[in-house]
Amino acid sequence: MAGQAAGTRRAVILRAAAGLFAARGFHGVSIEDLGRAVGTSGPALYRHFAGKEALLAAILVEISERLAEEGAARAAEEADPAGALDALLRGHIAFALDEPALITVHDRELENVPEPERRRIRRLQRGYVEQWVAVLARLRPDTPEPALRAALHAVFGLLNSTPHSAGELGREEMAGLLFTMARAALLAR
């Protein structure tokens with residue numbers, strides 16, 4: 001039970017920190033601000049994280065691991081490459097619509113993550129992209145992998161624009177728009 005409470009507390013801290021870092025930037029948030037956001041003192045956070053940089057690293061490592069694991073599961077569930085692409089798109093769109101703070105934090109703050117964790121995040125992200133490349137290569141066998149990778153990065157830019165664009169439409173309408181646009185872009189010849 002204590003382990004579960006610690007895990008829940010950690011998740012609360014990570015979520016609060018992501019929101020604060022997205023709103024005010026990594027350097028605009030103090031350890032005291034982080035503590036107040038979760039109803040404790042700043043120094044009490046050191047029981048969970050070695051410091052603010054470790055907290056930022058944990059946020060970005062955790063989301064990179066989650067995307068990679070969920071992406072692998074989605075791609076494996078569908079034998080049909082078109083179905084796998086649709087599942088990957090739906091999963092990433094759900095993430096982009098539900099977690100805009102994480103996208104903002106990644107875009108703005110990755111350079112503040114200590115180098116070992118930054119390498120791990122980049123490695124996880126490359127693996128995630130390669131999951132998509134494998135699916136796309138089955139749908140577009142005539143397209144060289146570098147072109148597929150470039151198309152994917154462009155589509156991730158579209159999908160990860162939600163911190164700026166998602167407020168324009170309702171969630172379901174925005175999800176449908178992103179799905180249609182991304183799928184069309186990835187399958188364009």
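Reader: Which helices each supply at least two residues of the lining of the largest pocket?

Author: They are α3 (52-77), α4 (81-98), α5 (100-109), α6 (115-139) and α7 (145-159). A helix here is a DSSP run of H or I with at least four residues, numbered from the N terminus. This is a predicted model, in which local features need pLDDT of at least 70 and side-chain atom pairs pLDDT 80 or more, while totals for chains, interfaces and linings use all residues. Residues are numbered from 1 along each chain as its sequence is written, and side-chain values use heavy atoms, without hydrogens and water.

Reader: Which helix gives the largest share of that lining?

Author: α6 does, with 7 residues. The lining of the largest pocket has 21 residues in total, and His92, His106, Gln125, Phe156 and Asn160 lie nearest the centre.

Reader: What makes a space a pocket, and not a cavity?

Author: On a 1 Å grid over the protein atoms alone, a cavity is a set of points where a 1.4 Å probe fits but cannot get out, whereas a pocket is an open set with protein on both sides within 12 Å along at least five of seven lines; lining residues have an atom within 4 Å of a point.

Reader: How many residues line the second largest pocket, and which lie nearest its centre?

Author: There are 15 lining residues, with Arg15, Glu62, Arg66, Glu99 and Leu102 nearest the centre. α1 (2-24), α3 and α5 each supply at least two of the lining residues.

Reader: How many residues of each lining are nonpolar, polar and charged?

Author: The largest pocket has 10 nonpolar, 6 polar and 5 charged. For the second largest pocket the division is 9 nonpolar, 1 polar and 5 charged.

Reader: Why are phenylalanine 21 and phenylalanine 26 called a tilted pair?

Author: Rings of Phe, Tyr and Trp (its six-membered ring) pair if their centres lie within 6.5 Å; planes under 30 degrees apart count as stacked, over 60 as edge-to-face and the rest as tilted. The whole structure has 4 aromatic pairs. In the pair of phenylalanine 21 and phenylalanine 26 the centres are 5.3 Å apart and the planes stand at 55°, so the pair is tilted. Phenylalanine 21 is buried because its relative accessible area is 0%, and phenylalanine 26, at 2%, counts as buried.

Reader: What makes the pair of tyrosine 128 and phenylalanine 156 stacked or tilted?

Author: Their ring centres are 5.7 Å apart and their planes are at 20°, so the pair is stacked. The pair links distant parts of the chain, since tyrosine 128 is in helix α6 and phenylalanine 156 in helix α7, 28 residues apart. Both residues, tyrosine 128 and phenylalanine 156, are buried. Tyr128, Trp132 and Phe156 form one aromatic cluster.

Key:
Nonpolar A, V, L, I, M, F, W, Y, C, P; charged D, E, K, R; others polar. Buried < 20%, exposed > 50% of the residue type's maximum accessible area, 1.4 Å probe, protein only.
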